[in-house]
Amino acid sequence: MSFFDKIFGGNNEAPEQKTFWKKIESEEDLAKAVENSFQNKIAIFKHSTSCFISRTVLKNFEKEVENSDQEVDVYYLDLLAYRPISNKIAADFEIRHESPQLIVIKNGKPVNNASHQDISLSQIVS
């Protein structure tokens, strides 16, 4: 990776996945995540792997989760690789697509969502 890629996010590869993430890569994965929301509040982080802002917000959110004693059920969606699933989330939950975006779901319904610099662990645990 070149110096400029490091600064401006030219690398389109997905970031290293932290152990707390559960990936959404199919409609079945999405259905399981929504089903899990009936037991625990869950959150879906929609990330654009080609966007520097999205990458920065993702890293900040990961640090926040790692430094917290709160247990959270968080799902990761690479919205460039799985655009149809991202579109399905927007349609099913009637939430305008943004990137990066955090959507919190409880009992199958969205209860909170945030984008860009508004994304934080407090959206999930509050």
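This is a predicted model: local features need pLDDT of at least 70, side-chain atom pairs count only at pLDDT 80 or more; totals for chains, interfaces and linings use all residues.

**Entry 1: Glu62 and helix α3**

I started with Glu62, which sits in helix α3 (residues 52–66); helices here are DSSP runs of H or I with at least four residues, strands are E runs of at least two, and both are numbered from the N terminus. Residues are numbered from 1 along each chain as its sequence is written, and side-chain values use heavy atoms, with hydrogens and water left out.

Is Glu62 buried or exposed? I found a relative accessibility of 5%, so Glu62 counts as buried (buried is under 20% relative accessible area, exposed over 50%, partly exposed in between, with a 1.4 Å probe and protein chains only). Its side chain makes a polar contact with the side chain of Trp21, at 2.7 Å. Such a contact is a pair of N or O atoms within 3.5 Å; within protein, one must be able to donate a hydrogen and the other to accept it, and residues adjacent in sequence count only if both atoms are side-chain atoms.

Next I listed the buried residues of α3: Ser54, Arg55, Val57, Leu58, Phe61, Glu62 and Val65. They cover an arc of only 165° around the axis, which puts them on the same side of α3; the arc is taken over the directions from the helix axis to the C-beta atoms. The cover over these residues includes β1 (21–23), β2, β3, β4 and α5, where contact means heavy atoms within 4.5 Å.

**Entry 2: helix α4**

In α4 (residues 83–93) I noted Ile85, Ser86, Ile89, Ala90 and Phe93 as buried. Down the axis of α4 they fall within an arc of 145°, so they line one face of the helix. Pro84 and Ala91 are exposed, on the face turned away from the buried side. Among what covers the buried residues of α4 are α2 (27–36) and β5 (109–115). Glu94 follows α4 and has a positive phi, near 55°.

**Entry 3: Ile119**

I then looked up Ile119, in the loop between β5 and α5 (122–125). Ile119 is buried, with a relative accessible area of 8%. Which residues does Ile119 touch, not counting those up to four places away in sequence? I got Phe45, Val57, Phe61, Pro100, Gln101, Leu102 and Ala114. Ile119 and Val57 are 62 residues apart in sequence, yet 7.4 Å apart in space, C-alpha to C-alpha.
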